[in-house]
Amino acid sequence: RKGKNQAGGQHYHVLMMFTKVDKSRSLQDKFKVAMLSMVKHGHFLKGEVLVLHFVSDKASQQLGQRMLQDFLQDATFKYEVLFHDVAELTQTLFPIVEAMQKHFSAGSGAYYSDAIFFLSVAMHHIMPESLTHIVQLDLDLKYRTNIRNLFQEFDKFPPGAVIGIIREMQPVYRHTFWQYRKENPQTKVGEPPPDGLPGFNSGVMLLDLQAMRASALYNQLLEPKNVAKLADKYRFRGHLGDQDFFTMIGMEHPDLFYSLPCGWNRQLCTWWRDHGYGEVFQLYYHCDGPVYIYHGNCNSPIPDD
Ligand code: UDP
Ligand code: MN
């Protein structure tokens with residue numbers, strides 16, 4: 001159900017953005033933490049294969065391949081590593097996402113090189129039809145459980161859901177939707193959980209590519225005129241790429257998204273606490289229950305245990 005049965009064995013596909021890693025010691029350190037913890041807790045059944053996809057430039061790929069030799073040493077499971085050239089993917093992606101870039105990118109223009117920040121949005125058009133499910137993961141994560149368990153969440157998608165995602169844990173969208181909230185004082189848009197709609201974080205995303213391809217609604221929402229319509233309705237102007245797009249369409253069509261337990265992407269960034277939102281911060285930051293994955297977003301340190 002989750003992967004292609006190649007030679008009888010189930011394949012579990014994960015994808016990570018892996019660009020300019022050769023230029024950043026900090027990103028290399030994060031990658032090490034992510035891969036070592038994934039390998040440490042990773043267990044798969046006989047015949048199953050974890051397929052690791054990386055979207056990369058040539059220099060990062062070279063470094064990544066060397067680092068992975070080391071990090072995957074102790075893996076108790078079968079794996080495959082696939083590098084995708086960021087320039088090649090961008091060529092396919094740009095025409096699909098160009099029109100939405102101006103709503104969800106920093107700056108005014110739609111820069112060609114920024115299209116890759118919208119990869120998840122059009123992943124169902126980028127990957128071959130035979131690939132039906134993929135999990136997109138940030139590099140600044142630390143795994144505390146078996147990554148295989150995350151794939152079981154695909155089976156919990158309600159009908160109509162195309163993407164599994166975890167809520168944003170800072171009041172960032174309370175801020176972004178400021179004008180809409182002022183004009184609609186009763187709205188749940190930007191309100192904290194459990195009753196509000198705090199938006200999504202893109203650090204851990206389950207993309208049901210089969211459902212994304214099949215959903216007429218989802219594909220309509222990718223059309224430039226419909227993106228513009230919603231951006232206008234919600235007075236939305238962001239700079240966080242795919243996460244902004246999913247957050248905005250999620251306000252209008254929450255049923256497209258399956259909201260995973262917060263422990264699958266326990267974000268640690270507290271920037272907005274000290275930038276005007278201290279009063280309400282805990283309402284958003286709060287996450288009960290077990291932590292399966294820590295997300296050290298905005299360069300936050302990750303606890304040792
Ligand atoms: N990333 C990358 N190269 C960069 C910066 C980011 O490949 O130079 C990828 C990486 O997978 C990273 C993701 O983009 O995890 C999102 O960036 P980051 O985690 O730094 O954002 P945050 O979670 O702090 O908002
Ligand atoms: Mn991150």
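The questions and answers below walk through a predicted model of a protein with a ligand.

Biologist: How many aromatic pairs does a search of the whole structure find?
Modeller: A pair of aromatic rings is described by the distance of the centres and the angle of the planes. Ring centres must lie within 6.5 Å to count. With the whole structure searched, the number of aromatic pairs is 26.

Biologist: Are the rings of F246 and F257 stacked or edge-to-face?
Modeller: Their centres are 5.8 Å apart. Their planes meet at 65°. Planes over 60 degrees apart count as edge-to-face. So the pair F246 and F257 is edge-to-face.

Biologist: Which elements hold F246 and F257?
Modeller: The two residues are 11 apart, and their pair links distant parts of the chain. F246 belongs to residues 242–252, which form helix α11. F257 belongs to residues 257–259, which form strand β9. The elements are helix α11 and strand β9.

Biologist: Are F246 and F257 buried or exposed?
Modeller: The cut-off for buried is under 20% relative accessible area. Both F246 and F257 fall in that class: they are buried.

Biologist: What is the angle between the planes of W272 and Y277?
Modeller: W272 is buried, and Y277 is buried too. Their rings lie 5.6 Å centre to centre. They form an edge-to-face pair, with an angle between the planes of 70°.

Biologist: Over which ring does the charged end of R266 sit?
Modeller: A charge over a ring must be within 6 Å of the ring centre. The charged end of R266 is 4.2 Å from the centre of its ring. That ring belongs to Y285.

Biologist: Where does an oxygen atom of ligand 1 come 3.0 Å from a side-chain N or O atom?
Modeller: Ligand 1 is surrounded by residues including F18, L27, D138 and D140. A polar contact needs N or O atoms within 3.5 Å. At 3.0 Å from the ligand oxygen, the side-chain atom belongs to D140.

Biologist: How much of the accessible area of ligand 1 does the protein cover?
Modeller: Backbone atoms come close too: an oxygen atom of ligand 1 is 2.8 Å from a polar one of M17. A nitrogen atom of the ligand is 2.6 Å from a polar backbone atom of T19. On its own, ligand 1 has 520 Å² of accessible area. The protein covers 66%.

Biologist: Is Q186 buried or exposed?
Modeller: Q186 lies in the loop between α7 and β8. Its relative accessible area is 76%. Exposed means over 50%. Therefore Q186 is exposed.

Biologist: Which peptide bond is cis, with omega near 5°?
Modeller: One of its residues, P194, lies in the loop between α7 and β8. The cis bond runs from P193 to P194.

Biologist: What is the phi of K20, which is not a glycine?
Modeller: K20 is found in the loop between β2 and α1. K20 is exposed, at 57% relative accessible area. Its phi is positive, about 55°.

How values were computed. Residues numbered from 1 in each chain as written. Chains lettered and ligands numbered in written order. Predicted model: local features only at pLDDT ≥ 70, side-chain atom pairs only at ≥ 80, totals over all residues. Heavy atoms only, no water. Phe/Tyr/Trp six-rings, centres within 6.5 Å; stacked < 30°, edge-to-face > 60°. Helix = DSSP H or I, 4+ residues; strand = E, 2+ residues; numbered from the N terminus. Buried < 20%, exposed > 50% of the residue type's maximum accessible area, 1.4 Å probe, protein only. Lys NZ or Arg CZ within 6 Å of the ring centre and 35° of its normal. Near = heavy atom within 4 Å. Polar contact = N/O pair within 3.5 Å; in protein donor to acceptor, adjacent residues only side chain to side chain. Areas by Shrake-Rupley, 256 points an atom, 1.4 Å probe, with all protein chains shown as cover.
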